[in-house]
Amino acid sequence: MLAIFLKTLPFFALIGTGYLAGRTRFFSQEATAYLTRFVFYFALSAMLFGFAANLDVAAILDWPFVFAYTLGTGLVWLLVAAVALGRGTSREEAVFEAHTGVIGNVGFLGIPMLALLLGPQSVGPVLLVLAVDLIVFSSILTMAITGLRAGRVSAQTFGILAKGLAENPMIVSVVLGIAWGATGLALPGPVAEFMTMLGAAATPCALFAIGASLSGRSAERVEVAAWLASAKLVLHPLSVAGACWLFGVGGYAAGVMISAAALPVAGNVFILAQHYRVAPQRVSTAILLSTAASVLTVTAVIALLSQGGYI
């Protein structure tokens with residue numbers, strides 16, 4: 001476990017550096033917002049394009065894998081929503097708490113960290129996890145909130161979904177990368193070098209931005225946020241592990257999926273909570289707690305999977 005902890009430590013040290021820079025106001029919240037936009041629209045997109053362009057889609061598109069992750073995630077989603085409703089929260093808050101309990105920081109943290117820890121062959125399965133999060137569960141969130149506010153799900157709702165997916169640079173970059181890879185052509189030298197240089201900025205800038213964004217968040221409803229963080233860091237990987245067994249997904253693929261499920265709550269959940277004006281402080285606190293705790297929990301999960309021969 002110590003060896004794995006030492007490998008994950010630089011990633012969390014970068015997050016900590018960003019947190020200190022933001023906490024001391026050396027790095028302002030406005031600067032953090034612009035850095036996040038640079039990562040999201042440029043650096044991360046270049047990195048994902050490069051990964052996707054070198055993937056064999058037929059080899060990585062594993063439907064039992066997709067079904068297992070969807071089921072494992074869906075069960076935790078329903079459990080967290082039921083607990084929220086049982087506490088007497090509104091249905092909109094229950095939807096957001098459920099989303100918080102299952103959506104991990106796969107893009108900014110998971111892809112670079114797991115690619116290093118588990119090897120480049122982990123990128124394909126991690127991208128499948130990211131696709132399910134973005135296409136399935138983000139769509140569920142949008143339909144649920146829109147439907148609750150409008151009283152029904154209309155054709156306009158599906159238009160909003162389609163527009164959101166088409167404007168998401170992570171989805172666009174992966175689709176374009178796969179399309180280019182299917183041609184069998186190599187990128188022209190200068191273009192490939194440009195994409196490599198831009199993509200190389202994704203990991204350090206993304207981790208720094210995570211920490212800087214966390215520094216501006218205050219705690220609220222700590223008990224509820226701690227429950228949501230626990231659901232994400234503990235219940236989600238356990239549920240996904242059970243779904244892997246049910247669908248016969250084993251070995252390395254199961255290890256990657258469970259590792260991805262153990263990641264802390266994604267920062268974009270807070271952006272959505274702010275956009276819809278539903279429990280942003282609660283979500284923010286869950287992100288802060290889960291990211292801090294994941295220094296130990298992610299290390300423990302990967303160590304257990306390594307000892308079990310999965311990765």
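The largest pocket has a volume of about 1500 Å³. Of the 49 residues in its lining, Phe 40, Gly 267, Asn 268, Ile 271 and Leu 272 are the closest to the pocket centre. The model is a predicted one.

**Pocket lining**
- Two or more lining residues of the largest pocket come from each of helix 2 (29-53), helix 6 (106-118), helix 7 (123-150), helix 8 (155-166), helix 9 (169-183), helix 11 (202-215), helix 14 (268-276) and helix 15 (280-307).
- By class, this lining is made up of 24 nonpolar, 21 polar and four charged residues.

**Helix 10**
- Met 195, Leu 198 and Gly 199 are the buried residues of helix 10.
- Viewed down the helix axis, the buried residues of helix 10 fall within an arc of 95°, so they line one face.
- The buried residues of helix 10 pack against helix 2 and helix 11.
- Pro 190, Thr 196, Met 197 and Ala 200 are exposed on the other side of helix 10.

**Helix 4**
- The buried residues of helix 4 include Phe 65, Tyr 69, Trp 77 and Val 80, along with Gly 72 and Gly 74.
- Among the elements covering the buried residues of helix 4 are helix 5 (91-100), helix 7, helix 12 (222-247) and helix 13 (251-261).

Definitions and conventions. Residues numbered from 1 in each chain as written. Predicted model: local features only at pLDDT ≥ 70, side-chain atom pairs only at ≥ 80, totals over all residues. Heavy atoms only, no water. 1 Å grid on protein atoms, 1.4 Å probe; cavity = no way out; pocket = protein on both sides within 12 Å on 5 of 7 lines; lining within 4 Å. Points joined across faces, edges and corners; volume = space filled by probe spheres on them. Helix = DSSP H or I, 4+ residues; strand = E, 2+ residues; numbered from the N terminus. Nonpolar A, V, L, I, M, F, W, Y, C, P; charged D, E, K, R; others polar. Buried < 20%, exposed > 50% of the residue type's maximum accessible area, 1.4 Å probe, protein only. Arc of directions from axis to C-beta. Contact = heavy atoms within 4.5 Å.
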